[in-house]
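Here are a few exercises to work through with the model open beside you. Try each task before you read its solution.

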Amino acid sequence: MTVATLDSNEHFLDFTRSPSLTVVHFSANWAEQCGQVTEVLSELSKLPDIQSSGSKFGVCDAENLSEISLQYKIDSVPTVILFKNGSQVDRIDGADAAQITSKVKLHSIGKSISAASSEKLEDRLKALINKHKVMVFMKGNRDTPRCGFSRTLIQILNGTGVQYDTFDILTDEEVRQGLKEYSDWPTYPQLYVKGELIGGLDIIKELQASGELESTLNA
Ligand SMILES: N[C@@H](CCC(=O)N[C@@H](CS)C(=O)NCC(=O)O)C(=O)O
């Protein structure tokens, strides 16, 4: 893949219409830094991940496409604008190779990678939450709790005689942070029954005090 030359308004509009990322370099022959930016874009266009994302790269003469340059407020060259579906999604003013590289990667492959990995994490969290009818996410495990809140919860659960399983969130930072967001609950321990969050230690103490704990656990 190379950097296409966009030499008319029609060509520009047709090029940037794509739902995949389109990167356009607004350039000028007389500006030395523009050559460097075209080189950066050319190198990026050869990366396999970027190629398979369907991203396209183009360069236009900002003065030739003056209407479009005006529309996108090109005050100086080089300017790089990132488009999706004909709309600007990001831009980099100046020959900042690091910014260009990171923004192109973010908009071409970064999002799809992070979307895929957050889907995977969600599946993992669901599987863990449903691993046992009564699941405790805690610091440490039932034999060695590593936090006073987790220890107290285990003592309470052991007092009920109910069967349960535990997951030590200190062994997995991804689960530790991911579950907080997934369940909208910022602390540990977290107790789940049949895949539903019941709450943390305070809630379990309240259920115990009101006599509802065993029926909640045996639901
Ligand atoms: N009031 C909370 C106490 C639990 C708590 O404050 N846990 C803290 C310290 S162990 C926590 O998990 N912080 C977040 C973290 O460590 O990731 C409850 O009812 O469970």
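**Exercise 1.** Find the polar contacts (N or O atoms paired within 3.5 Å) that hold an oxygen atom of the ligand.

*Solution.* Start with K180: an N or O atom in its side chain sits 2.6 Å from an oxygen atom of the ligand. Next, a polar side-chain atom of R176 comes to 2.7 Å from a ligand oxygen. Then switch to the backbone, where an N or O atom of L201 is 2.9 Å from an oxygen atom of the ligand. Finish with the cover: the ligand on its own has 500 Å² of accessible area (Shrake-Rupley, 1.4 Å probe), and the protein covers 76% of that.

A word on the source: this is a predicted model, with local features needing pLDDT of at least 70 and side-chain atom pairs pLDDT 80 or more, while totals for chains, interfaces and linings use all residues. Residues are numbered from 1 along each chain as its sequence is written, and side-chain values use heavy atoms, leaving out hydrogens and water.

**Exercise 2.** Sort the shell around the ligand by residue class.

*Solution.* List some members first: K139, F149, T187 and D202 are among them. Then sort the shell, and you get six nonpolar, two polar and four charged residues.

**Exercise 3.** Is V104 buried or exposed, and what does V104 touch?

*Solution.* Locate V104 in helix α5 (residues 97-129). Its relative accessible area is 0%, so V104 is buried (under 20%). Now look for contacts (heavy atoms within 4.5 Å): leaving out residues up to four places away in sequence, V104 touches L21, V23, L44, I50, F57, L82 and I109. One of these, L44, is itself a buried residue of α2.

How values were computed
A residue is near a molecule or strand if one of its heavy atoms lies within 4 Å of it. A polar contact is a pair of N or O atoms within 3.5 Å; within protein, one must be able to donate a hydrogen and the other to accept it, and residues adjacent in sequence count only if both atoms are side-chain atoms. Ala, Val, Leu, Ile, Met, Phe, Trp, Tyr, Cys and Pro count as nonpolar, Asp, Glu, Lys and Arg as charged, and the others, Gly among them, as polar. Buried means under 20% relative accessible area, exposed over 50%, partly exposed in between (1.4 Å probe, protein chains only). Helices (H or I, at least four residues) and strands (E, at least two) are DSSP runs, numbered from the N terminus.
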